Amino acid sequence: MKRPLCLLCLAFVTVLVVCLKLTPMELPDWSSLDGRGIRVEGQVYRKEYKTVRKSQVLVIYLHSAHILKESGGSGRSEPSNQFPDHQIQNIICYLEEGSGPEPGLGSSVRLEGRVSCFTDAGNPGEFDMKKYCSIQKLDFRLDQARILSIGGEEKPLQEGLFRLRNYFAGVLDRTFGEKEASVMKAMLLGEKNGLDQETKELYQENSILHILSISGLHISIIGMGMYRLLRRCGAPLRPAALLCMPVICAYGVMTGMSMSAIRAVFMFLVHLGADVMGRSYDMITALAMAAVVLLAGQPLYVEHSGFLFSFGAVAAIGIFMPALYEGRKGAGGRLRRLSEKWKQSLASCVSVFLATLPVQLFFYYQFPIYSVLLNLAVIPLMTVVMGAGLLCMILGGMWPLLTAPAAGICRAILRFYEACCLLCERIPGGRFAGGQPEDWQVLTYLALLGILVGVRKRTTLFWKTQWLLGALCLLLLRYESGLQITVLDVGQGDCIHIRSGSGQHYLIDGGSSTKSSVEKYQILPFLRSRGVGRLEAVFVTHSDMDHCSGILSLLEEYSSEKMEIGSLILPDIHMGMRDGQYEELVSLAGKNGIRVLYMSRGQFLEEGGMRLSCIHPRRGYTAGNANESSLVLYLSYGSFSGLFTGDIEGEGEQEVWEYLKKSLKTTEGGRLTLLKAAHHGSRNSTDEELLAGLRPRLALISSGKDNRYGHPHQELLERLEAAGCRIYQTPVHGAITVETDGRECRVDTWRK
């Protein structure tokens, strides 16, 4: 049996994945503590400085932590039995400035602060902070933390490495400009806190962000470079290996020992261990062993993008690349050897791209088609930039003038990286927005790659290419039918996505008064997860910020967001009612070449069997406030009907009802299928007469959790229940999706 240890490790991983799929791990719920001041005690296992509101804040991480309670009036504290110790994994604490002396790594601290719980995702595509932090074994955050006492003994090795890291960071800050220093610190020290945001987004969008993560590339360059240098200098094998092992372990600890760093360090140690024992090193077995070590400590890593990218890339090089190109052995001329090297590099980049494509699509929903060629240009230069950077970092504090040429080389390469990324972004159609694939697509795609590996010696390159094209088509295929309506969870605000029967996409509103950058963190991630690259039209019901803040931001960053908009549709109200936000929407749309249309009663949009009719306002309508002039849309699709009401209330709502009674007939025996409750569930909207006449089957409410207005009001909920509605609320259910074929409909909620 070949690779028995590897097969045993893979069996362990397979069983673990199946168990997690069948019985998902429950995430701890600390919401009862959110916003409360507490006192905790624990041991410092990590610390770093983070920039918060342009100020440097010391952040410490505690394990072996427990919550304390006051003991009578004595001022003493003792463990609280309300939250058993075993429930707490780790706590991250943001210390107040001047909160006391800096605790050393390994010391025990007692501190107090205000609890801030991590939020979960409310929409498809949205980043799930709660799950991410749970994978990192962080339970909650403590803000404005103040140290009460420090005890125990610090660990001198860890504390010394922390101070060494800060020293090296200071050297890089003095050697490079602010932007370049942030990149070099991330690349060499794993310090991503101060990383220039524009550079990070540029690298991420072009799929080269991996060069900033401490991973196999870094460990190979540093560790294997040092090992080979010692061997060439005449050092015996065992002393050279035994010297490199602790150095690389110390480097991993100094840079934060991220998940990818643990994998790389572990494989490096196995490699040197095999050399010391006179055994052959098998990369795939070492990779499988590293996976078992990591997953034994945290099974949820199987759902972490970094874990899947890191292990997928190495597995691609060790398993999949030989199926694409095995290379030619034997001597040859210099040009032939150079050609062979480039072919192997290309095969390596293609293999990594194909193997990690499902991960890229599943977590980021799109990929740059040119990323293979870009990495082919970027990766070979990493050896140069890291070597020059290490020289600057080590010698720059003592002899800064000697490191000037090396710093110049680093600057030139970083500028080359940036220029390449900017050039690639200008390639028409260079980015494929495929959306998130289904689980069965990912599994089938990987199975097809596995079959190709198994038959690689019995088929030609032509048939390998055809096989890969078929696998890619299966992975990228998106089959959608029928009408789909999704009310997004945007906090206190509104955003509704509609996919027509023919696959066109529309948006009704997009704003929030409780979530900042709602377009960046909720709206765009949702659209990208659905593979949306173009919105045929964006309807803005009225110009209150909780309905249009995200649309305004999207228009302001239109050139960089890569979301095409066909038309912006606004209510055709009287000029005197068009406030600053209304005019700004018109102005920004015009600057970006987006057609602006004005909609009033009687006008409609018809497409793919769907008809969206405007029933309010009348042309040139004027009212006492913006809510009364909200755009109200009536949707029909087969026997399905829906009413989208914005913030309509008062006279405006009365006009809507009078018009509905005279002009429209709902379906399903006179019943409205879906009602988007007006004004976030306010008691002043959606009155009894309207409900009695429409008798909606479904009522959807979009509001913020624990919002200051008390939405949805209890009176409105009681009216909806009395009308026989099934009620869905975004604070409770997250995003709410309704799908219909024109006859039957199905409701799916993000939070089950």
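This is a predicted model: local features need pLDDT of at least 70, side-chain atom pairs count only at pLDDT 80 or more; totals for chains, interfaces and linings use all residues.
The aromatic pairs in the structure number 11. In one of them, the ring centres of F353 and F367 lie 5.6 Å apart and the ring planes meet at 65°; planes over 60 degrees apart count as edge-to-face, so this pair falls in that class. The two residues belong to distant parts of the chain, 14 residues apart: F353 is in helix α11 (residues 334-364), and F367 is in strand β7 (residues 367-368). Both partners are buried, because the cut-off is under 20% relative accessibility and the values are 18% for F353 and 7% for F367. Elsewhere, ring pairs join Y301, F307 and F311 into a cluster.

Charged side chains also sit over aromatic rings. R46 is placed over the face of Y61, at 4.5 Å from the ring centre. The ring of Y94 has the charged end of R141 over it, 5.3 Å from the centre of the ring.

Helix α3 spans residues 156-175 and contains 20 residues. From its first C-alpha to its last, α3 reaches 28 Å, which is close to the 28 Å expected at 1.5 Å a residue. The buried residues of this helix are E159, L161, F162, R165, F168, A169, G170, V171, L172 and T175. In an α-helix, residues three or four places apart point the same way, because there are 3.6 residues a turn. The elements that cover the buried residues of α3 include strand β1 (37-52) and the helices α4 (178-189), α7 (237-254), α13 (382-395) and α14 (404-425).

How values were computed. Residues are numbered from 1 along each chain as its sequence is written. Side-chain values use heavy atoms; hydrogens and water are left out. Rings of Phe, Tyr and Trp (its six-membered ring) pair if their centres lie within 6.5 Å; planes under 30 degrees apart count as stacked, over 60 as edge-to-face and the rest as tilted. Helices (H or I, at least four residues) and strands (E, at least two) are DSSP runs, numbered from the N terminus. Buried means under 20% relative accessible area, exposed over 50%, partly exposed in between (1.4 Å probe, protein chains only). A charge sits over a ring if NZ of Lys or CZ of Arg is within 6 Å of the ring centre and within 35 degrees of the ring normal. The expected span of a helix is 1.5 Å times one less than its number of residues. Contact means heavy atoms within 4.5 Å.
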